[in-house]
Amino acid sequence: MPDLIAYTDGACSGNPGPGGWGVLMRAMDGDKIVKQRELKGGAANTTNNQMELLAAINALEVLGRAAKITIVTDSTYVKNGVTGWIHGWKRNGWRTSAKKPVKNVELWQRLDAAQADHDVTWEWVKGHAGHPENERADELAREGMKPFKSK
């Protein structure tokens, strides 16, 4: 069974403002790319964090059946949130340790549900540091934003 890897990224012009998300998804057999798929989308009025979350959500929601997948993100917000903070938020009724409502709660809940059926490994990579797959995910996010940017 090939290894599945999804490189995800979000972009925003202004924060909030028009934004986009992108995913470069690959099925790998060792070092060989067996299959590749690119996804992108956007919104007219959003934030960078929302787009980062939507990239990861869409990478998981597009899977047709339970899978083992590695999601690579350059967002510490997504990585730290999904691997750490989310457990406390859920215990606290989706409130932070300061008892405030979790920002982007609908997206966090959607991500939590999307990953439930899968064996997900989360990896962080430094953004805009010449990592080819991360750079491609960034390009896709910018393409996803284009329809929402004012001329």
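**View 1. Aromatic pairs in the predicted model.** This predicted model contains 4 aromatic pairs. In one of them, the ring centres of Y77 and W108 are 5.3 Å apart and the planes meet at 65 degrees, so the pair is edge-to-face. Y77 belongs to helix α2 and W108 to helix α3, and the pair links distant parts of the chain, 31 residues apart. Y77 and W108 are both buried.

**View 2. The pair of W89 and W108.** Here the ring centres lie 5.1 Å apart with the planes at 70 degrees, so W89 and W108 are also an edge-to-face pair. Because W89 sits in helix α2 and W108 in helix α3, the pair ties together parts of the chain separated by 19 residues in sequence. W89 and W108 are both buried. Ring pairs join Y77, W85, W89 and W108 into a cluster.

**View 3. The largest nonpolar core.** This core has 33 residues, of which V23, M25, L60, I69, W108, L111 and W122 touch the most other members. Two or more residues each come from β1, β2, α1 (48-61), β4 (68-73), α2 (76-91), α3 (105-116) and β5 (119-124). Helix α1 gives the largest share, 8 residues. In soluble globular proteins, nonpolar side chains tend to be buried together.

View 4. L60 is one of the residues that touch the most other members of the largest nonpolar core. With its neighbours within four places in sequence left aside, L60 is in contact with I69, I71, L111, A114, Q115, H118, V120 and W122.

**View 5. Helix α4 and its buried face.** Helix α4 spans residues 132-145, 14 residues in total, and its first and last C-alpha atoms are 20 Å apart, close to the 20 Å expected at 1.5 Å a residue. Its buried residues are E133, N134, A137, D138, L140, A141, G144 and M145. Viewed along the axis of α4, these buried residues fall within an arc of 160 degrees, so they line one face of the helix. The buried residues of α4 pack against the strands β1 (3-12), β2 (17-29) and β3 (32-46).

Definitions and conventions: Residues numbered from 1 in each chain as written. Predicted model: local features only at pLDDT ≥ 70, side-chain atom pairs only at ≥ 80, totals over all residues. Heavy atoms only, no water. Helix = DSSP H or I, 4+ residues; strand = E, 2+ residues; numbered from the N terminus. Expected span 1.5 Å × (residues − 1). Buried < 20%, exposed > 50% of the residue type's maximum accessible area, 1.4 Å probe, protein only. Arc of directions from axis to C-beta. Contact = heavy atoms within 4.5 Å. Core = buried A, V, L, I, M, F, W, Y, C linked by side-chain atoms within 4.5 Å. Phe/Tyr/Trp six-rings, centres within 6.5 Å; stacked < 30°, edge-to-face > 60°.
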